[in-house]
Amino acid sequence: MTRAPDLAEAVVAFRAWRVVDGALLSPYIPCRWDGPVMHAECYPANRALLFGRGWLDAPHVPPHPECRCGIYAYHRPGAQPYYGEFEWVEGIVTVWGRIESHRDGLRAEHARVCALGRRPGAAAAIALRLGVDLVETASLEEVADRYGAPLPASLVP
């Protein structure tokens, strides 16, 4: 197994959340982001999703290469296939700890919301409550370097 080097600055990535009752929720699992920082866990309830396919049976430190656990984020902002039936907000996160890199994105052990994209709805109120920046959604990629650097290209498969 090849170990990636420790990185000297925060890794910047992008993600989107469902907005329900003025709160950020993960797109696929009932995980509410009550504060700006989230720590991943491989919850027992997640292992029941999809009849266990893709999830390891026993608890472990996320993300694990043989499991679907971890905090998901993307290398670039933009619409993802799960947009649709809910109000959504995109944003910038920094991630750290264990990171699983994939072609389109990554899964991380820890994440911090840095900024939310401005849009009609609850984004401004959520940004204020979380104490994070509110930026134009179209400029998420431009302002991301305020918070760190993307995962080095050499670490993206």
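Colleague: In which sense do strand β4 and β7 pair?

Modeller: Strand β4 (residues 37-39) pairs with β7 in the antiparallel sense, over 3 bridges. Two strands count as paired if DSSP finds at least two bridges between them. Strands (E, at least two residues) and helices (H or I, at least four) are DSSP runs, numbered from the N terminus. H39 stands opposite H110 in β7.

Colleague: What should I know about the source?

Modeller: This is a predicted model, in which local features need pLDDT of at least 70 and side-chain atom pairs count only at pLDDT 80 or more, while totals for chains, interfaces and linings use all residues. Residues are numbered from 1 along each chain as its sequence is written, and side-chain values use heavy atoms, with hydrogens and water left out.

Colleague: How many bridges join strand β6 to β7?

Modeller: There are 9 bridges between β6 (residues 87-101) and β7, and these strands run antiparallel. T94 stands opposite R112 in β7. The two strands form a hairpin with 3 residues between them.

Colleague: And in which sense do β7 and β8 pair?

Modeller: β7 (residues 105-118) and β8 (residues 133-136) pair in the parallel sense over 4 bridges. In β8, V135 lies opposite G117, and L134 lies opposite L116.

Colleague: Why is β7 largely enclosed?

Modeller: β7 is largely enclosed by the rest of the structure because 12 of its 14 residues are buried, meaning under 20% relative accessible area (1.4 Å probe, protein chains only).

Colleague: What share of the whole chain counts as buried?

Modeller: Of its 157 residues, 44% do.

Note on methods:
Buried < 20%, exposed > 50% of the residue type's maximum accessible area, 1.4 Å probe, protein only.
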